Amino acid sequence: KPADAYARPVRRAVLTSAKPKIALVIGGLGLNARRTRDAIEMLPGVVTLAFAPYGKRLQGLINAARANGHEVLLELPMEPWGYPSVNPGPKTLLVSAGAKNIPSMRWLMARAAGYVGLINYAGQRFLANGEALAPVLHEAKRRGLVFIDNGRVPQSLLANLAAVIGLPAATAQVHIDAVAKREAIRAKLKELVALAERRGHAIGVGAAFDATVEELEYWIDAMRASGRVQFVPVSAIFKLQGRG
């Protein structure tokens, strides 16, 4: 399964340690060459990178990310409120499309290989519609992928439906750069640590803004030196679920 074949290895000692675990996902990559390069090269390999399916030379960028130790997700564009005035891109999965979503999903997934799973991009309307969402989750399971809910849609049915279907899925708890300013990012990172300490593990998501990448580069080094938490790729969260 891709979820196993492309996962970043994690030592058993890390998984069994009592220290809180944090997984970080930085998305929106593949569209801006400089920001993509900075995320790949500046962020430690333990940070999971999520790529948009529309970038040029997408496979080469994913290969470069994996060569630098990063685990990779593919962003799956889903219908937001206000569509089509608000349009995530070609082949966006739509509530009204029914079975036609699966060919669109396969087209999006075929843009590249090497990713462990999918993460929603937008989807405020789509994720709240179980009839539209369920076939997409079935297809992800059939492909041997995991699915990450970016946690920005409060009405999302993804976690509940995935549990029924048997698809490995997890929901991010903290959007670290909803306000892409350094002080706001630092405050969200503190929130992420506190949550991981309470729950045992937590997922934070963000985008490849300059402030985010630079702040994470420094913060991860500082947190590692403190020994307060351990960082894991997002696929490791599925091995930790139920232990927190």
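This is a predicted model: local features need pLDDT of at least 70, side-chain atom pairs count only at pLDDT 80 or more; totals for chains, interfaces and linings use all residues.
Leaving aside neighbours within four places in sequence, T36 is in contact with L29, G30, L31, F51 and L61. T36 is found in helix α3. Is T36 buried or exposed? Its relative accessibility is 1%, and since buried means under 20%, T36 counts as buried.

The largest pocket has a volume of about 450 Å³. Of the 27 residues that line it, those closest to its centre are G27, G28, E75, Y121 and A207. Which elements give two or more residues to this lining? They are the helix α3 (33-42), together with β1 (21-29), β3 (72-78), β4 (117-122) and β8 (201-207). Helix α3, then, is both the element that holds T36 and a contributor to the lining of the largest pocket. The largest share of that lining, however, comes from β1, with four residues. By class, the lining of the largest pocket comprises 15 nonpolar, eight polar and four charged residues.

Let me move to the second largest pocket, which holds about 250 Å³ of space. It is lined by 13 residues, and A3, D4, V146, P168 and F238 are the closest to its centre. Here the elements that give two or more residues to the lining are α1 (2-5) and α10 (237-240). The residues of this second lining divide into six nonpolar, three polar and four charged.

Note on methods: Residues are numbered from 1 along each chain as its sequence is written. Side-chain values use heavy atoms; hydrogens and water are left out. On a 1 Å grid over the protein atoms alone, a cavity is a set of points where a 1.4 Å probe fits but cannot get out, and a pocket is an open set with protein on both sides within 12 Å along at least five of seven lines; lining residues have an atom within 4 Å of a point. Grid points are joined across faces, edges and corners, and a volume is the space filled by probe spheres set on the points. Ala, Val, Leu, Ile, Met, Phe, Trp, Tyr, Cys and Pro count as nonpolar, Asp, Glu, Lys and Arg as charged, and the others, Gly among them, as polar. Buried means under 20% relative accessible area, exposed over 50%, partly exposed in between (1.4 Å probe, protein chains only). Contact means heavy atoms within 4.5 Å.
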